[in-house]
Each structure stands twice: as C-alpha cells, then as structure tokens.
Amino acid sequence: MACDRCPSDHQPNFAMIEAYLDESGIHEGAAVCVIAGYFGGKGKWKNFEADWNGLLADFNIPSERFHAKNLFPERKGWFLDHWTGRHQSLLDGICFTIAKHEKIRPVSAGIIVNDFASLPLDERRYLTGATIRNGRLIRSGSPNKPYFVPFQHVVIQVCDYASVGGKAQFFFGLDRNFSGYARDMFTQIKASDLQSAEGGPWAWKERLGDPSFPLAKETPQLQIADFLSNLTYHHTLSAGKNVGMVPPSRLLEKCIQNRRSNEDFYFSNKQHLEAALRNAAALSTFLKESAAISSQDHTSGVRGKVLSRRNKSGK
C-alpha cells in the first residue's frame with residue numbers, strides 16, 4: 001500500500017477531467033468511512049448520461065428518486081413502497097451501464113474509523129493536512145475528521161491523472177450533506193503550503209481545480225458516485241480488519257473493473273496507516289525529535305525535584 005501523502009507512480013493521461021464524488025459513513029458513530037466516485041473527460045460523460053437516463057426510464061425510476069441507500073443492500077423507502085420493478089435486474093443493469101463506459105474511471109478510498117482514532121494526535125494531524133516546517137507541525141490538520149484521509153487520497157489520485165498544465169474539476173451534490181464537508185476540505189487543501197514546483201512531490205496540487213455543487217438528483221454522474229460509495233461502504237464494513245484482503249462482491253467488482261490502478265481502490269486500516277506514517281521521513285524525524293525533547297524535559301524536571309528536596313532537607 002502506498003502512502004496517502006505520496007504521489008502515485010501511474011502516468012497521467014488526461015488534459016482536463018471531471019470527477020464526481022460522494023461519501024458513505026461520515027455520520028457520527030460510523031465504523032467506516034468511504035469517499036468514492038468516477039472521473040473522466042467531458043465527452044465521455046455525455047455519452048454516459050444518455051445511457052444512464054435510458055436505464056432509469058426503462059425501470060420507471062424518476063431521477064430524483066434514485067438514492068443508493070434505498071436500493072442496496074435491500075430495498076427501502078420509495079423503492080420498497082412504490083417501485084414494482086425487479087430489484088436484482090436493476091442492480092445488474094446499473095453495474096453493466098457503468099462498466100460499459102471504459103473511459104469513465106472509478107476511484108474510492110475507505111478508512112476504519114477506530115483505527116484512525118487510535119493514533120496519537122500529531123500523527124492524526126499529519127494524516128489530515130498538517131505539514132512540517134523547520135521541525136514543527138504547522139496548521140492544525142483535522143485530527144478529529146477521519147474522512148479527510150480517504151478524501152485527500154481520492155483527490156490526489158484524480159489530480160495525478162490530469163496532465164501537466166491540465167486541471168481536475170470536482171463535483172459534489174449540493175443536495176447532499178457531504179457538500180459542506182467537501183467545501184471545507186477543499187478550502188483547507190488549497191490554503192495549505194503544499195504548493196510545489198512542477199514535478200515535485202506535491203505537483204498534483206498544481207492540477208487541482210475547483211469544486212462545483214450541482215444537484216445530485218439531476219446529475220447522473222453523482223448518482224453513480226452515490227451507488228459506488230454505498231457498495232464500497234458495505235464492502236468495507238463487512239471486511240472490517242481484513243479490508244484490502246477480502247475480494248469485492250460481484251456487483252462491486254463490476255463497478256470498479258475499469259480502474260487504472262489498485263491505488264484507485266484503497267483502504268486504510270491500522271496496519272496501512274502505520275505503514276504510511278513510517279514512510280513519511282519528515283514526520284518520523286519530527287516525532288523522534290519531539291520524543292527526545294519530551295524525555296529531556298522529563299529528566300530535567302526529575303532532577304529539579306530531587307535538588308529541591310535536598311535543599312529543603314539541608315543536604
């Protein structure tokens with residue numbers, strides 16, 4: 001598994017791309033969190049839209065009624081109360097429609113929330129946006145927001161696929177709770193000092209475009225992002241500590257078959273997070289120096305107390 005904070009080694013091959021993302025599991029008390037969606041060129045998306053709208057029409061589903069959580073793993077809400085179509089046929093149709101568009105690429109990342117929460121504060125700060133300058137962690141990061149880790153990973157992956165000089169534009173559903181979180185995270189990423197010279201370790205940030213917020217109920221691209229994030233969420237929840245080793249379900253595998261790299265289907269459990277931190281040389285140095293200073297302060301404090309006691313006793 002590669003470090004979340006490191007550039008991937010795949011080669012970018014898009015000049016301008018559009019990425020549509022959604023989430024599952026950012027609510028309070030969630031055991032896992034997933035950020036997922038699809039990206040591709042504008043022309044490829046137009047071809048997809050026609051097929052998607054045709055699929056919904058064939059199954060008599062109004063666009064505004066499509067919500068993945070009401071469809072998988074079982075029917076709920078409108079799909080249970082008002083829809084009379086064949087459930088499995090619809091699921092298969094969705095996966096087939098997505099997979100047939102080979103240039104529409106999936107990307108997803110998940111994290112085990114308790115594994116993230118078990119890390120020390122400075123490590124969580126680093127993983128969620130804090131950077132190191134002159135031996136100090138600057139900016140607070142988002143140590144209480146585990147979803148920042150998969151969000152940042154997905155953003156970096158997509159930006160890496162944009163050609164130098166190109167941009168990756170991101171879209172989130174305005175009518176989804178995630179839009180507010182996404183806006184805040186984009187602001188934090190853009191305000192960070194990760195900007196670098198072209199070709200440097202943070203060159204992806206040169207390709208980072210702007211977030212936009214269309215209505216998900218009117219946007220086929222966001223509807224399949226919703227579907228993928230829901231499938232991936234249940235996969236991650238089921239796999240638990242074995243996430244990354246459990247193969248995807250038949251439906252999920254179909255939805256991610258056009259991925260360009262295994263890094264585009266990424267999970268972070270305790271083992272993966274610790275490996276990423278070990279690979280971060282700057283953080284390692286910072287933590288060692290901090291531990292040494294803490295040890296020196298402790299030793300000085302003990303010596304001071306001993307001398308104070310001796311002075312009081314007249315020894």
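I looked up the largest pocket, which has a volume of about 540 Å³. Of the 21 residues that line the largest pocket, Glu-23, Ser-24, Gly-25, Lys-69 and Asp-226 are the closest to its centre. A pocket here is an open set of points on a 1 Å grid over the protein atoms alone, where a 1.4 Å probe fits, with protein on both sides within 12 Å along at least five of seven lines, and lining residues have an atom within 4 Å of a point. Volume is the space filled by probe spheres set on the points, which are joined across faces, edges and corners.

This is a predicted model, in which local features need pLDDT of at least 70 and side-chain atom pairs pLDDT 80 or more, while totals for chains, interfaces and linings use all residues. Residues are numbered from 1 along each chain as its sequence is written, and side-chain values use heavy atoms, without hydrogens and water.

I noted that strand S1 (14–24), helix H7 (178–191) and helix H8 (220–239) each supply at least two lining residues of the largest pocket, and that H8 gives the most, with four. Helices (H or I, at least four residues) and strands (E, at least two) are DSSP runs numbered from the N terminus.

I then turned to the second largest pocket, with a volume of about 210 Å³, whose lining includes His-27, Cys-33, Val-113 and Tyr-147.

**Helix packing**

I found that H1 (residues 42–58) and H3 (residues 87–99) pack at about 170 degrees with axes 10 Å apart, the axes being lines fitted to C-alpha atoms over the stretch in contact and the angles running from 0 to 180 degrees between N-to-C directions. H1 and H3 are therefore roughly antiparallel (angles over 145 degrees).

Notes. Angles under 35 degrees count as roughly parallel, over 145 as roughly antiparallel, 65 to 115 as roughly perpendicular and the rest as oblique.
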